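Please read the following report alongside the sequence and the structure, which are shown just below.

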Amino acid sequence: MIRKLMLGAPAMILAATLVSATGAQAAEPATCSANTVFGIVAHGGAMSKRIKEPGRLAIMKAALTKARASLKAGASALDTVEILVRTFEDSGKFNTGKGAIANAAGMVETDASIMDGRDLSAGAVASMTAIKNPVHAARLVMEKTRHVLLVGDRGQAAVEKLGAQSVPPSYFINNKIKDTSDAEHGTVGAVALDRCGHIAAATSTGGFDAKIPGRVGDSPLVGDGVFADDNIAGFSATGHGEFFIRYNITKDVADRMAYLHESIDDAMDHDIHHKLADLKAEGALIGIDKAGNIAMQWNSAGLYRGYATNSEAPIVAVYEGPTQNKRAQ
């Protein structure tokens, strides 16, 4: 599959040229309109204990409102998840981008990933110290290199050459060591199903506060912190990243759906409320399957989360509230 980036309004999507087994070529339309079903689900991190709400829900609801309108107009899932995650990165209210929390040396290191469910293409960056929008850098890796993951100062230099915007250390508002007993070590992410039936997922984080410099969690790792496959579902994770890496949580959930024919709810329940919980590891997943069913599950005190679909206006919550959308018919 050859992917070309279509520039312009959010409703413009990536056009692709599909080559059939006979060699005939057919171009996808510039916008998605084949299906009526679409959806977007997002998270802003899992919470170890209840905290005073700092305004994240309003940002999340506004972002979901825009995403829903874009998907309705035919935007691609890939464009939609990137734009939504960039909104969180720019807000300074989440542990990502401008609001990323510092490591043990008092500096910010960010990680991000993005995945296209059409052909399992993926891009990621890790240990970025000066990138304004890590999720955009991840997409540049996916679309402009032959690699999946670029890390550290040399990886940062590479994505800057590709067009990723850099910022000075003063841009990051939390570039100082915080109390490690803080309640949040969260991440942000989004998963979308567009009207072409394509699924995309993205995850972005500043990682654990006071982490060892150079530590990389699950967020930039395919099958751990992010996964998307048009034939199954898409996921974004948050929580204790080391456990998500060791148990390949997002890929494991997708495999349970594919091979055990479990629903998205049952597959996520197994990994979040049994596998991780049995290890005393906090974590959360959001996801959407190929039919438009959305699930949001966590084993911590709460999860900043929200969703919107073709039939439901944006709904956001932290503690009490929905764990799934109205089931697709």
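The model described here is a predicted one. The two strands are part of an open sheet of 4 strands in the order 10-11-12-13, with antiparallel pairing. Strand 10 and strand 13 (294-298) each have a single partner strand, so one side of each is left without a neighbour in the sheet. From one strand to the next, the twist averages 10°.

Two helices pack on this sheet. Helix 6 touches strand 10, strand 11 and strand 12, and its direction makes about 145° with that of strand 11, whereas helix 7 touches strand 11, strand 12 and strand 13, with a direction at about 15° to that of strand 13.

Which residues of helix 6 (residues 249-259) are buried? They are Ile249, Thr250, Val253, Ala254, Arg256 and Met257. Seen down the axis of helix 6, these buried residues fall within an arc of 155°, so they line one face of the helix. They pack against strand 10 (226-228), strand 11 (233-239) and strand 12 (283-289), and also against helix 5 (241-246) and helix 7 (264-278). After helix 6 comes His261, whose phi is positive, near 60°.

A further open sheet is formed by 8 strands in the order 7-6-5-9-8-4-14-15, and its pairing is mixed. At its edges are strand 7 (149-151) and strand 15 (315-317), each of which pairs on one side only. Neighbouring strands of this sheet are turned by 5° against each other on average, with direction ignored. In general, the strands of a sheet pair through backbone hydrogen bonds, either parallel or antiparallel.

| Strands | Bridges | Residue pair |
|---|---|---|
| Strand 5 and strand 9 | 6 bridges | Asp111 and Thr205 |
| Strand 4 and strand 8 | 5 bridges | Gly39 and Leu193 |
| Strand 8 and strand 9 | 6 bridges | Val188 and Ser204 |

Strand 8 is mostly covered, since 6 of its 6 residues are buried. Val188, Ala190 and Ala192 point one way from this strand, Gly189, Val191 and Leu193 point the other way, and all are buried. Strand 8 and strand 9 also form a hairpin with 5 residues between the strands, and in this hairpin Gly197 takes a positive phi near 90°.

Helices accompany this sheet as well. Helix 1 (residues 56-73) lies across strand 4 (39-47), strand 8 (188-193), strand 14 (302-309) and strand 15, and runs at about 25° to strand 14. Helix 3 (residues 134-144) packs on the sheet and touches strand 5, strand 6 (121-128), strand 7 and strand 9, while its direction makes about 130° with that of strand 6.

Lys66 is found in helix 1. Is Lys66 buried or exposed? Its relative accessibility is 64%, and because a residue counts as exposed when this value is over 50%, Lys66 is exposed. The C-alpha atoms of Lys66 and Thr80 are separated by 9.2 Å, although the two residues are 14 residues apart along the chain.

A search of the whole structure finds 2 aromatic pairs. In one of them, the rings of Tyr171 and Phe172 have their centres 5.4 Å apart and their planes at 80°, so the pair is edge-to-face. Both partners lie under the limit of 20% relative accessible area that defines a buried residue, with Tyr171 at 17% and Phe172 at 3%.

For the protein as a whole, the secondary structure comes to 7 helices and 15 strands. Of its 329 residues, 54% count as buried, and the protein exposes about 13200 Å², of which carbon and sulfur atoms supply 55%. Among the contacts with a separation of 6 or more, 68% are accounted for by residues 24 or more positions apart.

Methods
Residues numbered from 1 in each chain as written. Predicted model: local features only at pLDDT ≥ 70, side-chain atom pairs only at ≥ 80, totals over all residues. Heavy atoms only, no water. Pairing = 2+ DSSP bridges. Axes fitted to C-alpha atoms, helices over the stretch in contact; angles between N-to-C directions. Contact = heavy atoms within 4.5 Å. Buried < 20%, exposed > 50% of the residue type's maximum accessible area, 1.4 Å probe, protein only. Arc of directions from axis to C-beta. Areas by Shrake-Rupley, 256 points an atom, 1.4 Å probe, with all protein chains shown as cover. Phe/Tyr/Trp six-rings, centres within 6.5 Å; stacked < 30°, edge-to-face > 60°.
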